[in-house]
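Let's take a walk through the charged pairs in this model. Keep the sequence and the 3D view open side by side as you read.

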Amino acid sequence: MTPPRDIEASAPVATARKSVSYSWEQNLSTSPNTFQSPPPSSSWVAHLAQRDAPKLLKPFNTQDIKILLLENVNETGRDILTQQGYQVESFKSSLPEDELIKKIREVHVIGIRSKTKLSKKVLQAAKNLLVVGCFCIGTNQVDLDYAATHGIAVFNSPFANSRSVAELVIAEIITLARQLGDRSNEMHRGTWNKVSTKCWEIRGKTLGIVGYGHIGSQLSVLAEAMGMNVIYYDVVTLMALGTARQVGSLEELLDQADFVTLHVPDLPETRGLISTTQLDLMKTGSYLINASRGSVVDIPALVQAMRSGKIAGAALDVYPNEPAGNGDYFNNSLNHWAEDLRSVNNIILTPHIGGSTEEAQRAIGVEVAEALIRYINQGITVGSVNLPEAQLRSLTLDEPNHARVIYVHRNVPGVLRKVNEIFGDHNVDKQISDSRGDVAYLMADISNVQLQHIKEIIGGLESLSSCIRTRVLY
């Protein structure tokens with residue numbers, strides 16, 4: 001059957017709304033869908049099963065859903081989206097801004113990872129865009145405020161690669177403690193240099209975790225299993241796992257830890273979190289690991305601290321400026337300190353691969369693709385990072401003349417009254433509304449709906465001054 005389609009009546013806040021032309025008499029799309037209704041049965045049990053089965057919502061007069069996937073999104077996610085009957089186009093890398101602007105104009109969905117920047121300029125060109133899928137943890141590459149105020153939902157994958165990042169950090173702790181990177185490089189150059197000076201076991205050492213979220217807490221368990229003592233600092237009070245202990249300040253953690261690892265988001269308060277002052281507070285001969293965001297560490301200050309002997313080793317997986325694709329780009333033209341950083345001993349430099357495992361990428365593909373499908377097909381925003389989270393139970397096959405109306409609007413007084421006046425000739429079976437800042441999200445399932453009624457409902461909702469975007473699924 002046909003996957004659900006959107007009726008887009010987008011209206012940027014405080015600006016003229018987008019105009020959408022409708023062809024009210026044209027046939028609905030007949031693109032394939034992997035779901036099929038169960039065959040009819042005369043048995044009572046089968047009748048109940050069919051009655052309670054989810055109803056596949058259909059679009060009301062819109063084009064087939066077009067999806068653009070960039071940066072080599074895992075094939076598991078691509079397959080899930082393709083099986084829905086959507087038109088999916090994918091690229092192995094990100095696109096230059098001018099090319100991205102051309103591509104994004106006609107698509108309803110875009111899937112990206114960390115390299116693609118969806119700025120206000122890019123999103124302004126996205127006339128049909130409904131939703132963004134970030135196939136990664138971070139969403140700072142998207143202008144979330146602009147997206148929200150134009151009715152564009154954004155989803156990410158906050159959990160799927162936690163284990164992969166935690167395992168990488170454990171590997172880096174051992175590698176730094178034993179100077180394995182330097183020994184390996186020497187052997188590749190033909191030099192045999194068997195030493196034990198300043199090489200340590202990690203058992204009994206103290207690991208300081210800055211940010212005790214999904215990754216930090218998993219890392220805590222792994223490190224404790226390796227015999228490490230774990231302390232952590234977070235801006236909120238969190239329950240410790242195992243025998244880990246929360247400390248009251250970043251300064252206290254830096255003073256006690258032999259290894260410091262960072263797992264914080266890119267926020268104004270975390271940019272430059274570790275600079276000269278913080279490095280001076282760390283133990284002489286301690287180690288620093290950053291697998292969070294490139295803006296968190298002042299890298300020239302780190303280089304200076306390592307050359308002075310204050311910091312014995314470091315591992316960096318993220319950088320302030322990262323290339324858009326693979327190649328010989330990690331040089332001073334990208335970051336002015338790159339060559340200085342590469343010249344330091346006992347430093348591990350990896351190209352943002354914390355979540356780059358087969359397991360993590362498959363899990364991310366599934367998690368984000370399924371969130372996109374729920375939003376496209378049912379209007380469910382659970383898991384969105386920029387719109388209010390709303391969910392209604394699915395319509396069933398026993399509800400044949402129902403429609404689901406989705407109304408994204410400015411959060412101002414009186415909207416619900418006006419919306420329900422527009423629904424006045426129809427029974428509202430269920431309705432939910434929630435707000436997030438200046439944007440509100442309303443879902444309503446209404447009964448006794450015919451095609452001619454949908455046109456009237458859309459027209460009425462579009463005429464409201466609060467309207468950002470209207471969609472109807474039926």
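First, the accessibility terms: buried means under 20% relative accessible area, exposed means over 50%, and partly exposed is in between, using a 1.4 Å probe and protein chains only. This is a predicted model, where local features need pLDDT of at least 70, side-chain atom pairs count only at pLDDT 80 or more, and totals for chains, interfaces and linings use all residues. Residues are numbered from 1 along each chain as its sequence is written, and side-chain values use heavy atoms, with hydrogens and water left out.

Side chains of opposite charge can pair when their charged atoms come close. Here a salt bridge is a side-chain nitrogen of Lys or Arg within 4 Å of a carboxyl oxygen of Asp or Glu, and searching the whole structure turns up 13 of them.

Start with Arg271 and Asp266, whose closest N and O atoms sit 2.8 Å apart. Arg271 is partly exposed at 47% relative accessible area, while Asp266 counts as buried at 19%.

Now find Asp340 and Arg307, a salt bridge at 4.0 Å, N to O. Asp340 belongs to helix α12 (residues 338–342) and Arg307 to helix α11 (residues 299–307), so this pair ties together parts 33 residues apart in sequence. Helices here are DSSP runs of H or I with at least four residues, numbered from the N terminus. Asp340 is partly exposed at 41%, and Arg307 is exposed at 52%.

Arg417 and Glu421 meet at 3.4 Å, N to O. They're 4 residues apart in helix α14 (residues 415–422), about one helical turn, and Glu421 is exposed at 53%.

Last stop: Arg404, Lys430 and Asp445, joined in a salt-bridge network.

Technical notes: Helix = DSSP H or I, 4+ residues; strand = E, 2+ residues; numbered from the N terminus.
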